Amino acid sequence: MRKLCLSMILVIVITSLLLIGNVQAKEEISFTLFHHLGVEEGRGAIFRKLIEEYNQEHQGKVKINTSYFADWIPLQEKIRTMVAAGSPPDLFYYNFNPNDLALEKSGELMDFTPYMDEEWRYRFISPSILDMLTIDGKLMSIPFVQGTVVFYYNKKLFDKAGIEEFPGTWDEFFKVCDKLKESGITPVSLFTSDDAWHAMNFFTYFAASIGGPDVFQKPLDSPAIVEAARMLKKLFNYTTADAIGGKWAISVNNFIIEETAILVDGPWVIKMLDDGMEDPDQVIAAAAPTFKEGEPYCMLTDTVTPWAASNRLSNEQKEAVVDFLKWFDSEEVAKRFVIDGKNVSLVKVDLTKEEDERAGVKLASNIKLSSGAQDSVIQITRILKPAAMSEIPKLVEGLAIDRITAEEFAKTLQELNK
Amino acid sequence: MFIRVSFKKVFLYLLPVVLFVTTFFIFPMFFIVPISFFSWDGISRMSFIGFGNYFHLWNDPGFRTAFVNTLYWIISAIFLHVPFGLFIALVLNRQPWGWRFLRAIFFLPNILSVASLAILWYFLFNPSFGLINGFFNFIGLDSLSFSWLANPKTALISTQLPFILYIGFTMLIFYANITTIPLEYYEAAKIDGASSWQQDLYITLPLLRKAIVINIIFNVTFVLRMVEYPLIMTGGGPSGITMTLPLYLYRQMAVARAYGITMATGFITFIIGMGISGLTFVSLHYLGRRWE
Amino acid sequence: MIRKLFIWLITVLFFCVVIIPLVWIFISSFKTNIEFFSSPYSLPNYWTLKNYINSFSREPLLLYLSNSVVVAAVSTLLNILITLPASYVFLHEFPFKKVFFVLIIFGLFVPLSAFILPYFLIVSWLGLYDSLWGLIIVYTGISAPLSFLIIHTYIQEIVNREIIEAATLDGASFHQIFIRIVAPLSKGGVATATIFSLMIAWNELLYAMILTQSESSRTIQMAIRFLVATFYADYPTAFAAIIISILPMVLIYSFLNRYIVKGLAMINK
């Protein structure tokens, strides 16, 4: 009996060891792409399909392996840990933060400058983005996506509460919230874990409405920020019980199962809504409320989310990476990614009318709202220093449960961000 | 008693174990202290800041909360958990009907991974569909259905409560030890007219000294290692309320990438762990002397 | 009498606390997400295996499980390989014996979380970051003191001096005694140590999080940690994944209960 067990274990061990040590064809170049695009997400399905196609086309010569990890913020943390360990992921994308250039300055990222040519340069919406991504004379990231954040609301639930149109001012907005609450509907989806994305979206919108789009360029303990914090605190009266301590997936899910009526997020949720909701056409995208009637709205965007690659790749691998990225940024592929992925890309894409229709109403609204905006402002958590960024959940929760005041919120934020 | 052999002979037999143990237990000790005097984020260069990290920890309310919470946990481990496990072991010792089955049930949570139990209890505490609130609603005590993990008043207890699941381990160690006590002692005591409680108090307890020490040490090291419960259930709690030392350590390392502080916190954790182990050893040693 | 009542009270309570949640999760894993939200506590109207199938197709659970198996098995194997010989030599007297004993046992008293950063650095320097081998050697190191203690105690009890003396008189060398006599005799201790080592390696999360990142080296515990996010808040599927992950341990436990209890007895000495 024991001998059998022992030999079984040995067999398992040996087979697995053989599997760990990848037996690969010598000529084939491969690299691993780290991503978080799950199949449920808008971009997930098309992304995987595109990778498959690329692999098929280049079979025997280049192979792209993928490493999937669902949770965005922990994935970002892991990437930084990997860079610290001296083994950065082969290819990945991340949130570019002009106030935290640790990744770019680590020397672990591949320099794309020698590979960037005129043709590629003009594939991007505005070549000035490349300038922003050039640090110390080196271009270490290639633009990928930049999401726009709009207010998705459930018209059916609005009708049920007797609300006719989406509020144009913040006063109306809170009145709408009251009305929804009275009808037994939870108004907004929020969560506080990781980067408190939904809550901070609101916060950014509040602050930008009060202090103008450049409010984050100034010190963070300004009256505008304090007022925004107060409004954020008020907002927590209008959300679900699992908002505190909750995660992004839970918050979005609350909107999908029609527990809440308003979701403030980017285009990547569109597919989740289309697939998960009973009647996705009830969801409409609207612009943010402002302070005064008729005041032009500003548009919140995610930060630029660019590609980056490991500097420890071999020359052949680097060339393969460049080849892949150029292919990905080509007109044809980019179009498919935008349309099927319901995505807003940083690569120039000209959609015909019928392609517009295929992309769907919600994406079209996204694009329309984005172009109609007066100003754009980047979501605040994306440009904070790491010390401030990691304290956001604690600060937001503290605000929500009355442990800290709005003034303390602003003051702490400013102190951590110095 | 033993055959004498030269060192040369045993060398090869000992080498692998000693190698591993030195690398993983001795070597790190010499790491922690020096680096804790630097500020480092793993990528850029280290910069010497003397006791700066320790001052930072002293002033950081997050660390203070973590420290206090962990202390609560340790205290409940030593003064609630261990006695309770002892009590159950004593009762089980009398072998009531079905004791084997009971023993099996008590030990079950110990073999399941901490992560799965943590996420299980995360679901149990969920305000909308969790079993706990469901139970309270069912029996009509609606007022007791809190948002357990989000409410600052209940969050801490909720993350520390599942620790009681691990009582099986404590109990079994006691139990195994109790069964080695020769029955004659009990016989003699019975003849002398001692009740079962008195027997336990005067015979069992003193002889269980060693087991008590072991249990305290194991439980304390377990608490100091347990990152899963606060991490999975609350992520540190509403506004840092449920933070504990090991979670704080993990956060500093993986999220904030403040390696100097990580080392400093690690050092403090290490001191606490070794300190309590040492204290337990010594105090029960002397108590034992007195008892005999 | 009171004692009996008390023990039954405790048992019922414990039963509820341990068994009922597991049963609930088990039952709920057969519901669809929508059904679960509308009636979390009832029996499913329509028992579906979809969640189990989904959890395998959406996530490479099989890969994670096999990673966990490999890491647990190999680290246990290594563990026994290094602690068995060491236990053997403690049957003899040699210079610094006590020192070595304390050295090896020392690891049992150390709070492991204090060392996460040093382990991370060691593993990175060895170039084993983000690989199963990194995890394997760390787990071997971590379980070594406990395995040693178990096997050592076992051997001390089972093997008495006469056997060794007789063998030496017969002309057996130091090494031969080990291989021919002591090793076979220590099977019981080895079995127990194996189980504990397997348990520790399988259930470990903290180091799995720190030392691995990519999908290919992820263990099942990591998958559990991120269950809610991974399945986009599809709770029943998450439940299915949990059941899948605890099944192996439960099976092992039901069959090898005896050894575990024995092992705990040995730690005492």
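**Figure 1. Strand pairing between chain B and chain C.** In this predicted model, Arg4(B) has Glu93(C), in E1(C), as its bridge partner. Strand E1 (residues 3-4) of chain B and strand E1 (residues 92-93) of chain C run parallel and are joined by 2 bridges. Two strands pair if DSSP finds at least two bridges between them; helices (H or I, at least four residues) and strands (E, at least two) are DSSP runs, numbered from the N terminus. Residues are numbered from 1 along each chain as its sequence is written, and chains are lettered from A and ligands numbered from 1 in the order in which they are written. Local features need pLDDT of at least 70, side-chain atom pairs count only at pLDDT 80 or more, and totals for chains, interfaces and linings use all residues, while side-chain values use heavy atoms, with hydrogens and water left out.

**Figure 2. The interface of chain C and chain B.** Contact, meaning heavy atoms within 4.5 Å, involves 94 residues of chain C and 101 residues of chain B. The two chains bury about 9,100 Å² between them, 82% of it on carbon and sulfur atoms; buried area is the accessible area (1.4 Å probe) that two parts lose on being put together, summed over both. Helix H1 (residues 2-28) of chain C supplies the largest share of the side of chain C that touches chain B, 16 residues.

**Figure 3. A salt bridge between two helices of chain A.** Arg336(A) and Glu53(A) meet through their side chains in a salt bridge (2.9 Å, N to O). Arg336(A) lies in helix H14 (residues 331-341) and Glu53(A) in helix H2 (residues 42-57) of chain A, so the pair ties together parts 283 residues apart in sequence. Arg336(A) is partly exposed at 23% relative accessibility, and Glu53(A) is partly exposed at 24%; buried means under 20% relative accessible area, exposed over 50%, and partly exposed in between (1.4 Å probe, protein chains only). Lys49(A) is linked with Glu53(A) and Arg336(A) in a network of salt bridges.

**Figure 4. A salt bridge of Asp402(A).** Asp402(A) forms a salt bridge with Lys233(A), with the closest N and O atoms 3.8 Å apart. Asp402(A) is in the loop between helix H17 (386-400) and helix H18 (406-416) of chain A, and Lys233(A) is in helix H10 (residues 223-235) of chain A, 169 residues apart. Asp402(A) is exposed, at 55%, whereas Lys233(A) is partly exposed, at 22%.

Terms used. A salt bridge is a side-chain nitrogen of Lys or Arg within 4 Å of a carboxyl oxygen of Asp or Glu.
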